[in-house]
Amino acid sequence: MSEFKSDFLRTLAERGYIHQTSDNEGLDKLFSTETVTAYIGFDPTAPSLHAGGLIQIMMLHWMQATGHRPISLMGGGTGMVGDPSFKDEARQLMTPETIEANIASIKTVFSNYLTYGEGPKDALMINNADWLLGINYLEFLRDVGRHFSVNRMLSFDSVKTRLDREQSLSFLEFNYMILQAYDFVELYKRTGCRLQMGGSDQWGNIVNGIDLGHRMGTPQLYALTSPLLTTASGAKMGKSVNGAVWLNPDMLSAYDFWQYWRNTEDADVSRFLKLYTTLPMDEIARLSALGGAEINEVKKILATEITAMLHGRAAAEAAAETARKTFEEGALADDLPSIDIPAGELEAGIGVLALFVRAGLAESNGEARRHVKGGGLRLNGAVVTDERQLVGTAEVTADGVIKLSLGKKKHLLVRPA
């Protein structure tokens, strides 16, 4: 990979973003001689992307940082079908209203990583509904569908694994790869886009677009995929014990986002510094060489740098300070996550298990009970030993809150409302 001459591909290679390209030499030459336009598609399956999609956003960021033009393509059209790639069953179909609301919500995150505008290197935000919703079906079949071989489509891993398991693949989903391929050709026509990037599970879909472009008279198009990431222990990126690590602040606070990265496994620290921060490579090499107790300081730097890009430097430093006060001084930090509970309910008393479930620190009374048996739940710093304990106004501290803790790392404040 070190043979790359262009800044963009060299940066991607040294930071670990490249899994596969369709033509190393051709792509490198393109990036060395032109301002390249490239895209990544994001389907609006939820109101927010999660940390698993951050690697794609960072690839677009580095593209712009090295002088090229990135497109974040919103799947307003393809989202109506749903990507079947490597899924065990069909996605739930969403209404056009849900898709629209999800796109509006997802869009808000991108401007933290990309500069949008009208200039030659400004990023573009485009919605494929602009062309897909107006398609005339018979014309599309004749002009585009005729270029696709069903035999070849059946040979793609994403389709094969589903059929090998004898799981149904609907005609609707089968159309997804045709629509994605058509997006690539359409983006070339509209913007001169020559490269599609995505996770390695998108390889077949992207190559389809290159083939379709070739048959429909575009210049050579290119593919670049990133590795599908898991943590050192095999966990999926973007998932935590409490569910998805969302990027939208209304779905996950800056503090909880910071904590997710602070809890990175030792073996992942160097890799994550390269992938998820913009720290220079020599600084990453210096930090990666630190071991022992110092690794925890590096994890705080990692968490703060990643959080600063998404939530802003002030929010990242506030999250780091909250964690320091909570864990190192044992103090009560005001900006810990909190929930409000009506004062009347506290006067009557709430079962301790139910309170931890309500706070989101346990999924069920049974899980909370297991934590009590293991000594994992604390109330205002004291270990909970009685699973039938009632929590009420007597537990409200002088600070006007009740502090709930699960283990050493998860804390939440209950505020009487």
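How many residues apart in helix α10 are Arg190 and Glu186? I looked: they are four residues apart in helix α10 (residues 176-191), so about one helical turn separates them. (Helices are DSSP runs of H or I, at least four residues, and strands are runs of E, at least two, numbered from the N terminus.)

Before going on, a note on what I have open: this is a predicted model, where local features need pLDDT of at least 70, side-chain atom pairs count only at pLDDT 80 or more, and totals for chains, interfaces and linings use all residues. Residues are numbered from 1 along each chain as its sequence is written, and side-chain values use heavy atoms, with hydrogens and water left out.

**Salt bridges**

I used this rule: a side-chain nitrogen of Lys or Arg within 4 Å of a carboxyl oxygen of Asp or Glu. That gave me 13 salt bridges. Arg190 and Glu186 make one of 2.8 Å, N to O. Then I checked burial (buried is under 20% relative accessible area, exposed over 50%, partly exposed in between, with a 1.4 Å probe and protein chains only). Glu186 is buried at 9%, while Arg190 is partly exposed at 46%.

Asp211 is partly exposed at 26%, and Arg152 is partly exposed at 36%.

I also found Glu305 with Arg313, at 3.0 Å, N to O. Glu305 counts as buried at 17%; Arg313 is partly exposed at 40%.

**Thr78**

I found Thr78 in the loop between β3 (69-74) and α4 (96-110). Thr78 is buried, at 3% relative accessible area. Leaving out residues up to four places away in sequence, Thr78 touches Asp43, Asn128, Leu132, Tyr176, Leu179 and Asp183 (contact means heavy atoms within 4.5 Å).

**Core**

The largest nonpolar core has 67 residues, and Met197, Trp261 and Tyr276 touch the most other members. (Such a core is a set of buried Ala, Val, Leu, Ile, Met, Phe, Trp, Tyr and Cys residues joined through side-chain atoms within 4.5 Å.) Helix α3 (residues 54-65) supplies the largest share of this core, eight residues.
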